[in-house]
Amino acid sequence: MRVIIIEDEKPSARRLQRMLDKLGIEANTMLHSVEESIEWFQNNEHPDLIFLDIQLSDGLSFEIFENIKINSAIIFTTAYDEYALQAFKLNSIDYLLKPIDSAELQTAVKQYQALMPEKQAVTLDFSDIKKLLVNPIDREYKKRFSVKVGQHLKLINVDEIECFYSENKGTYMHTIEGRNYLLDKTLEQLEEELEPHTFFRISRKFFVNINAIKDMVSYTNSRLQIKLNSYKEQEVIVARERVKDFKDWLE
């Protein structure tokens, strides 16, 4: 099986390469930009499977397909759920949310191997993708949530929410009043509904509201610890793979 990795962050690419190696899969070719990828596909036999980061240093990786007809299967990798969910609706085998989990990687590879005989050329609807990615300002985001309190429903405006978090397979919101409410949504579903300039997914477990951040301090393994105004239930840590994007988001 011929596999390549397209990922602009070289440490992430090498980490994925090592994870694949443990599954007995060699990925000796690693590309890091749209331009480099287009040139490579023009001069090399296309692989069976591509691990493709959506956000590359010189643009969105979808631009590769505007220049080259790719006949490979794709597993998208991304730190951005709104991109990943769109990609997942296309002809990709799967998508992996960064930081990539080894068990999820193994599941995605097994799914690809099961479908290998039926592999078809990738087709992408660029008009829909560009509506989502180029004009996010046109999207409508939730302004309030309804939560159940006993036999009553309570409306909570988004500017009253400090963070969303997952715990014991449940999804919760924490408000500026220091209250926690169980939601009937997953964090993945919330990513489609939250205004991205206000809320950022710092890890698999947390979304934080930029207006609720009281302090930020260095943490082990090149991570950041976030101190929120009232949330104290557990440590709020920015995943190492998300630190750079988080810092960019803050600005």
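Me: What makes the set with Ile6, Phe41, Ile50, Leu52 and Ile64 the largest nonpolar core?

Reply: In this predicted model, the largest nonpolar core has 20 residues, and Ile6, Phe41, Ile50, Leu52 and Ile64 have the most contacts inside it. The set is called a core because its members are buried nonpolar residues joined through side-chain atoms within 4.5 Å. At least two residues each come from E1, helix H2 (34-43), strand E3 (49-53), helix H3 (62-67) and strand E6 (73-78). H2 supplies the largest share, 4 residues. Nonpolar side chains tend to be buried together in soluble globular proteins.

Me: Which residues is isoleucine 50 in contact with, leaving aside its neighbours within four places in sequence?

Reply: They are Ile4, Ile6, Phe41, Ile70, Ser72, Ala73, Ile74 and Ile75. A second, separate core has 18 residues, including Ile5, Ala13, Leu49 and Tyr112.

Me: Why is asparagine 168 called exposed?

Reply: The cut-off for exposed is over 50% relative accessible area. Asparagine 168 has 75% relative accessibility, and therefore counts as exposed. This residue is found in the loop between strand E10 (161-167) and E11. Asparagine 168 also has a positive phi of about 50°, although it is not a glycine. Most residues other than glycine have a negative phi.

Me: What makes asparagine 221 exposed?

Reply: Its relative accessible area is 52%, and exposed requires over 50%; asparagine 221 is therefore exposed. Asparagine 221 lies in the loop between strand E15 (213-219) and strand E16 (223-228). Its phi is near 55°, a positive value in a residue other than glycine.

Me: How do you know that strands E11 and E12 pair?

Reply: Pairing requires at least two bridges. Strand E11 (residues 170-175) is joined to E12 by 4 bridges, so the two strands pair; they run antiparallel. Histidine 174 has asparagine 180 in E12 as its bridge partner. The hairpin of E11 and E12 has 4 residues between the strands, and glycine 178 takes a positive phi near 85° in this hairpin.

Me: Which elements of the chain have the lowest and the highest mean pLDDT?

Reply: Helix H6 (residues 126-133) has the lowest, 52, and strand E1 (residues 3-6) the highest, 96. The chain averages a pLDDT of 84, and 85% of the residues score at least 70.

Technical notes
Residues are numbered from 1 along each chain as its sequence is written. This is a predicted model: local features need pLDDT of at least 70, side-chain atom pairs count only at pLDDT 80 or more; totals for chains, interfaces and linings use all residues. Side-chain values use heavy atoms; hydrogens and water are left out. pLDDT is the predictor's confidence in each residue, from 0 to 100. Buried means under 20% relative accessible area, exposed over 50%, partly exposed in between (1.4 Å probe, protein chains only). Contact means heavy atoms within 4.5 Å.
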